[in-house]
Each structure stands twice: as structure tokens, then as C-alpha cells.
Amino acid sequence: MLETRNLKKVYKTKKGVSVTALNDVSIKFPEKGLVFLLGKSGSGKSTAAKLILRSHIRNGYQIVAVDPEGEISEMTRMYGGDVVDLGK
């Protein structure tokens, strides 16, 4: 099983203002099956996916990303995953 706990990501704007994209996000991924990150625009889905891809998915997990906005496709391929292109 893959689990991530207490993900937090804070960005700094060009003006130096801190913007919290993720705060205390924990996810347990099942050993088998599919996981979808759903939410409205700007809710942190891509940020969470990027953090998970960078830090957790390495050991035999199959990565398949549906990425209509093109935000995580390159990283998914870099880690050996597949991207499903549904168009925009």
C-alpha cells in the first residue's frame, strides 16, 4: 500500500505573498485498483499529484494520468507512467 501523510505546499508569489496550495492532505492508496483526484479548478489536484509522483511512486506502481490541462504529463512519463489524453 502507498500512503502519503500531511502533504503541505506553500508557494511564494512574485510579490512575496505566501499562498497555501495544500494543507495537511493525507491519502491512502489501495494495493489494487484506481485512484482519482477530483476537485474544482485551483483545488490542488495537480500540486498533490506532482508531490506524490516526485516523492512516492517508484516501486512497481503503475502510473496512469488523465491530464487534460497538461500539467503532469511530462513528469508521469519521466517515471515510466502512461498518460491518457482525453483532449481539452
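Predicted model: local features only at pLDDT ≥ 70, side-chain atom pairs only at ≥ 80, totals over all residues.
**Confidence.** Strand S3, residues 64-66, has the lowest confidence in the chain, with a mean of 66. Strand S2, residues 18-29, has the highest, at 87. I then looked up the chain as a whole: the mean pLDDT is 77, and 76% of the residues reach 70 or more.

**Core.** Which residues make up the largest nonpolar core? I noted seven: Leu 7, Leu 22, Ile 27, Phe 29, Ala 48, Leu 51 and Ile 52. S2 and H1 are the elements that give two or more residues to this core. In general, nonpolar side chains in soluble globular proteins tend to be buried together.

**Ser 46.** I found Ser 46 in helix H1, which covers residues 45-55. Is Ser 46 buried or exposed? Its relative accessible area is 19%, so it counts as buried, the cut-off being under 20%. With neighbours within four places in sequence left aside, Ser 46 is in contact with Glu 71 and Ile 72.

**Surface patch.** I turned to the surface and found a nonpolar patch formed by Tyr 11, Val 17 and Val 19. Together they have about 250 Å² of accessible area. Val 19 sits in strand S2. I recorded Val 19 as partly exposed because its relative accessibility is 39%, between the limits of 20% and 50%.

Methods. Residues numbered from 1 in each chain as written. Heavy atoms only, no water. pLDDT = per-residue confidence, 0-100. Helix = DSSP H or I, 4+ residues; strand = E, 2+ residues; numbered from the N terminus. Buried < 20%, exposed > 50% of the residue type's maximum accessible area, 1.4 Å probe, protein only. Contact = heavy atoms within 4.5 Å. Core = buried A, V, L, I, M, F, W, Y, C linked by side-chain atoms within 4.5 Å. Patch = residues over 30% accessible without salt bridge, like charges linked within 9 Å, V, L, I, M, F, W, Y side chains within 5 Å. Areas by Shrake-Rupley, 256 points an atom, 1.4 Å probe, with all protein chains shown as cover. Salt bridge = Lys/Arg side-chain N within 4 Å of Asp/Glu carboxyl O.
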